Amino acid sequence: MDGAPINTQPASMNRRDVFRYASAAGALVIAAPLTACGRQTVRSEAVTAEPDPWFEGQIGGFVKILPDNTVVIAYPNPEMGQGVDTSLPMLIAEELDVDFESVETVQMPLEIMPLEDGQYTWKYVGQGSGGSTSVSGHWEGLRQAGAMARHLILAAAATRWSVPVSELTTSNGVVRHDGSNQRAAYGELAEEAGAIAQSEEQPALKPASEFTLIGTPQKTKNAKTIVTGKAVYGIDAEIPGMAHAVIARCPYFDGTANSVDDSAARAIPGVIDVVKIDRPPLDGPYTVQAEGYAVVANSTWAAMKGREALEIEWDRGPFADESSASFRAHCEELLEGEGQIVRDDGDFDAAVASAANVYEARYFEPYISHSPLEPQNCIADVKEDGTVTIIAPTQMPSGASRIVAQVLGMEDRMKIKVLATRLGGGFGRRLSNDYVAEAALVSKAAGRPVQVLWTREDDTRHDFFRPSGVHHLKAAFDENGAMTAWTQRLASASKYYRRPNLPETDYWQAELYTDDFPAQLVDNMRLEYFSARSGAPRGSWRAPAHTANAFVIQSFLDEIAHQRGEDPLELRLRILGEPRDLPYENHGGPVFNPGRLAACLRLAAERGGYGEPMPAGSGRGISGHFTFGGYVAEVVDVEVDSDGTLRVPRVVAAVDVGTVVNPSGIAAQLESGVNDGLSTALHLAISVENGRVVTGNFDTYPIMRIAEAPPIVETHIIDNGDPPAGMGEMGLPPLAPALTNAIFQATGKRIRDLPIADQLRV
């Protein structure tokens, strides 16, 4: 982790936030030289360390309108494939009333400003991608920015034509006054609009009934630059004089170097320097992840050859005996004792003692790596004048700024410029900026700009893994078939491990969400946590705990239903009950409505043909989940041959994330989540032996191939008109349990351990 708290919660708007959005809008809607637009084109083709006038206060903010009617909208959150380069500009364009087809979009660099107390705050708006909060967090603010921009355009037109603003209308970037038959494109009015003093009064937002853009399917704005190879990822970026570096990190959890001989490495042609990276304090948060030696060279190839030539004797550290098997045994042993009770409704023990039926089962999930297609990388240029430029694919540009200030001992973060490139996948890995810290340290030591590049093996072996753990579930039913008690006892290595200023007694908070299903739906409920010891770095991995908990809870429900002779869907609907808002204090709140989840289950079942007869060797499973404020249900079809060969021909999903901004984006997110969820359930696990990760490249971490992907993935959307909720991770959590429930129907084999791997071939 980067040594600073990472807030992935949706931002709540207050008056000060509104004014920031509005200020940004007012500063932006002014005319600009055409050359400024030209810089944006250059920016899309190559990232440079030179200041971009768009973001240097010359124009600033979210919207720029040029005299030639070019409209450029900046989106504040990093784009990593989740579609914010399209969905966030749509919010502005809706209120601005421009032709979205012709709008250009660009990503803002980090924009912060100092406070009097020495802390920093956002210059315009919070920037960062995580927790599926981009659209929900900016839902009102970016629309207000667009509305303010349109308001200033209208004011300029009213002044020019000496008519009341109330008599003006706009459409597709044109202002009209029907009474005088006058009209003007926004570009003609932009300079005058920019000169108008802005008031704090916020123009009214459109009601949903007047939306013409929000809710319509839009193509990904930057798709052409991606498929033509022009999109700039961090790994593509260059700056003049840049050297290249790779790092030999200690392979053992929290190990150190006893000795190093770098003479052979320094003799490799092209090698410039060898720089030591110190291990972070064992009792503190991560800055860099491991002790190591960076080989700096004039090419990546020379740096890699130099790394191979290093002779390092590693100390194996305090976790030298840890292995995947020993960790699981440790979790199983913990579950034999008493853990930390984190929710205890009613009288669980009494309810179980008096129950007509009691069911229980254990499930296991392994460590998982993020494995983004683009491995970690960062350019750092630490100059002698005390300024620093960072160019990196990061989900948290502010975290990059903080960690650079921390590791370099800088008090003035305004001297740190952070340019975030497009990300070649994030999935939570790039919430941590350890690779940024490495680059800053290497650049300072080498006295030149340096790009630190991780190899695939580096990325797999030094990840912040999704926590691994063993879940023990038990449920009780009375003689009338009502569920009377439920418990989930979890022994895991929490992702909050080494989180700053967080005691181990709070580690459960990232693993068990106290308001999750079936909280408030069963009278006697207990959640119990056991903090397991492990040296593996852990962090956020796609819908963090919800991914793991959805698998065990939705699988357990299926087990209960079959043992009771009930239909698994009917059991779920019976427990969920009627629509009503229940308090939900965890991420995705403030309410959970079981009726919305039930509606998704019914729709997925209907469209997916749930319950219809299937051929021998085929199965159809269902599951549903609430996460990040959204509701999703999935029906998965499987075909299993007699030799255990598995195919997934079809996945049908129903999703309710409130108001729909871009239906195409929702479908894309759902489909990617389905494929990632299937890949993970089928194949993925990180193996640990003798205190080190032994999994490496894709030969030992076999991401699902295209041939295994479901040929049919259907997305059915329920638009209920509520403010939008998160969509980034929705498709993934329900996939694994729907898959294994389908496998049970097809084969009678219950999968309780992930990944499935060769379990069907036994």
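**Helix pair H16 and H17**

I began with the crossing of H16 and H17, which is left-handed; that term applies if the near helix is turned anticlockwise from the far one by less than a right angle, and clockwise would be right-handed. The model is predicted, so local features need pLDDT of at least 70 and side-chain atom pairs count only at pLDDT 80 or more, while totals for chains, interfaces and linings use all residues. Numbering starts from 1 along each chain as its sequence is written, and side-chain values use heavy atoms, with hydrogens and water left out.

Next I looked up the geometry: the axes of H16 (residues 568-576) and H17 (residues 594-608) come within 9 Å and cross at roughly 160°. Axes here are lines fitted to C-alpha atoms, for helices over the stretch in contact, with angles from 0 to 180 degrees between N-to-C directions. H16 is therefore roughly antiparallel to H17 (over 145 degrees). Helices are DSSP runs of H or I with at least four residues, strands are E runs of at least two, and both are numbered from the N terminus.

I then listed the contact (heavy atoms within 4.5 Å). H16 brings Leu569, Arg572, Leu573 and Leu576, and H17 brings Pro594, Leu597, Ala598, Leu601, Arg602 and Ala605.

**Sheet S14-S22-S21-S20-S15**

I moved on to an open sheet of 5 strands in the order S14-S22-S21-S20-S15, with mixed pairing; strands pair if DSSP finds at least two bridges between them. S14 (340-345) and S15 (357-365) are the edge strands, each pairing on one side only. On average, neighbouring strands are turned by 10° against each other, direction ignored. S21 (residues 483-492) and S22 (residues 524-531) run parallel and are joined by 8 bridges, and I found Trp486 opposite Met525 in S22.

Two helices pack on this sheet. H10 (residues 324-334) touches S15, S20 (469-477), S21 and S22, its direction making about 35° with that of S20. H15 (residues 544-564) touches S15, S20 and S21, at about 145° to S15.

**Lys417**

Last, I checked Lys417, which lies in strand S18 (residues 416-420). How far is Lys417 from Leu110 in space? The two are 7.4 Å apart, C-alpha to C-alpha, though 307 residues apart in sequence. Lys417 counts as partly exposed because its relative accessibility is 24%; buried is under 20%, exposed over 50%, and partly exposed in between, with a 1.4 Å probe and protein chains only.

Key:
Angles under 35 degrees count as roughly parallel, over 145 as roughly antiparallel, 65 to 115 as roughly perpendicular and the rest as oblique.
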